[in-house]
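Q: I have a structure to look through and have not seen it before. Can you take some questions as I go?
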Amino acid sequence: MENMHRPLTQNIRPDRLFATLADYESTGGYQGLRRALSELQPKEVQQWVKDSGLRGRGGAGFSTGLKWSLVPMDDGRRPRYLIANGDEMEPGTFKDRLLLERDPHQLIEGVIIASYAIQASVAYIFLRAEYHLAARRIEHALQEARAKGYLGGRVLNSDFSLEIHLHTSAGRYICGEETALINSLEGKRAHPRTKPPFSVISGLWGKPTVVNNIETLCNVPHIIRNGIDWYKGLSRGVDHGTKLFGASGRVKRPGLWELPMGTPIREILEDHAGGMQDGFKLRGLLPGGASTDFLLPEQLDLPMEYDAVMKAGSRMGTGTMIILDDRTCPVKMVLNLEQFFAQESCGWCTPCRDGLPWTVTLLQDIIDGRGRPEDLDTLSRHTRMMGPGNTFCALAPGAMEPLQSALKFFRADFERYITGAGGG
Ligand SMILES: Cc1cc2nc3c(=O)[nH]c(=O)nc-3n(C[C@H](O)[C@H](O)[C@H](O)COP(=O)(O)O)c2cc1C
Ligand code: SF4
């Protein structure tokens, strides 16, 4: 029986094993694909997904149906490609891993329906290098799907054929950026491409290509199977559907939960994550992975949805929160994050290649007692120089988000190190 309120995680087993093909089919699995192929034209599938209000779960929240509708369908350019982005290297983010490891057929059905919608004949699942268990389970599930006629030539005896290849990354954060991912799939150095042209027009090997996040694609079978109104009804807010929300840090029960879009942060932290551990107080949180701005305890009643979090000065990003407690130094936390971003800079553009290591040096100097008062202005200037529009991709602007908000909200912590009053 299908769990209508928790569609994405209904098949997740408590024993950490994965949902078999039989498990998946027993809750309505592959019925969405049957419906798409027998009742809907590709453009109708695009329209359904657009009308459902599904927004990309990879971080930016772009309308999924709108993205699909930008693929030129009538100019005869083939093949078209669909890529499922499972790179998931954002610090603090582990939501796609759950879906990949524990319910691989849900993703495969989503990839097939999305490929049908844009008439792609080849799809790739691009997987983070370390996700070995997911790789084994997906490979196995792909074989099962082929054997059952869900995949391959003439899917379910229709005119639509599709092959899906699993590709494991060589292991860099930049490979999650969609055009760097495409370069990497082509066997080139993984640096981002100039946009425009956008991937939907000229992507993999110069052909129209849609790149979607794993969680995004996992929503698609449920929308097609149960309809637009059902999907809209899952939400508590303006954005539709459910979302995997997570919390890590000093909460009592760190983890992941599938909840209605628009669930307030307070409810996620207090009811699901169990509140702060004894002896720790909440000082702030990064709502959607490492590359989002801090929010403060007085903002806990914000609903977790794209525009509301943006209006409050941050981004929903991946929806997996990193909690800052009152015994963790925010300066050291930001240094830790900037070390990651500096190491992962692909080096393609100067502000990021040179600016991120400088940011790390300045933060380290401040923590080591070598900071000067003017360093805080230099750091602020860095956040502007690596802000949106000044770099080739969003890695550097994302890296600046925790820093710029820490300088605003936790300035006294930086100053204590500089004046020698003690920090950390
Ligand atoms: C540095 C960087 C890393 C990224 N990593 C990922 C990732 O691991 N997974 C992902 O889905 N999107 C990632 N993105 C966003 C992708 O470029 C792209 O927007 C996304 O895959 C589109 O899917 P969606 O529309 O379904 O959200 C990253 C972006 C940047 C700038
Ligand atoms: S911003 Fe950084 S990661 Fe992105 S292209 Fe420039 S150097 Fe590479």
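Q: Leaving aside its neighbours within four places in sequence, which residues is Ile-201 in contact with?
A: This is a predicted model. In it, Ile-201 is in contact with Leu-70, Pro-72, Arg-77, Gly-206, Lys-207 and Pro-208, leaving aside neighbours within four places in sequence.

Q: Where does Ile-201 lie?
A: Ile-201 is in the loop between α8 (178-185) and β4 (209-213).

Q: And what is its relative accessible area?
A: The relative accessible area of Ile-201 is 38%.

Q: Switching to α9: which of its residues are buried?
A: The buried residues of α9 are Ile-214, Glu-215, Thr-216, Leu-217, Cys-218, Asn-219, Val-220, Pro-221, His-222, Ile-223, Ile-224 and Arg-225. Twelve of the 13 residues of this helix (residues 214-226) are buried, so α9 is largely enclosed by the rest of the structure.

Q: What happens at the start of α9?
A: A side-chain oxygen of Asn-213 comes within 2.8 Å of the backbone nitrogen of Glu-215 there.

Q: And what follows α9?
A: Gly-227 follows α9, and its phi is positive, near 95 degrees.

Q: Now ligand 2. How many residues surround it, and which are the closest?
A: Ligand 2 is surrounded by 13 residues, and the closest are Cys-346, Trp-348, Cys-349, Cys-352 and Cys-393.

Q: How many residues of that shell are nonpolar, polar or charged?
A: The shell around ligand 2 has ten nonpolar residues, three polar and no charged.

Q: What about the space taken by ligand 2?
A: That space is the largest cavity.

How values were computed
Residues are numbered from 1 along each chain as its sequence is written. Chains are lettered from A and ligands numbered from 1 in the order in which they are written. This is a predicted model: local features need pLDDT of at least 70, side-chain atom pairs count only at pLDDT 80 or more; totals for chains, interfaces and linings use all residues. Side-chain values use heavy atoms; hydrogens and water are left out. Buried means under 20% relative accessible area, exposed over 50%, partly exposed in between (1.4 Å probe, protein chains only). Helices (H or I, at least four residues) and strands (E, at least two) are DSSP runs, numbered from the N terminus. A polar contact is a pair of N or O atoms within 3.5 Å; within protein, one must be able to donate a hydrogen and the other to accept it, and residues adjacent in sequence count only if both atoms are side-chain atoms. A residue is near a molecule or strand if one of its heavy atoms lies within 4 Å of it. On a 1 Å grid over the protein atoms alone, a cavity is a set of points where a 1.4 Å probe fits but cannot get out, and a pocket is an open set with protein on both sides within 12 Å along at least five of seven lines; lining residues have an atom within 4 Å of a point. A molecule sits in a cavity or pocket if more than half of its atoms lie within 2 Å of its grid points. Ala, Val, Leu, Ile, Met, Phe, Trp, Tyr, Cys and Pro count as nonpolar, Asp, Glu, Lys and Arg as charged, and the others, Gly among them, as polar. Contact means heavy atoms within 4.5 Å.
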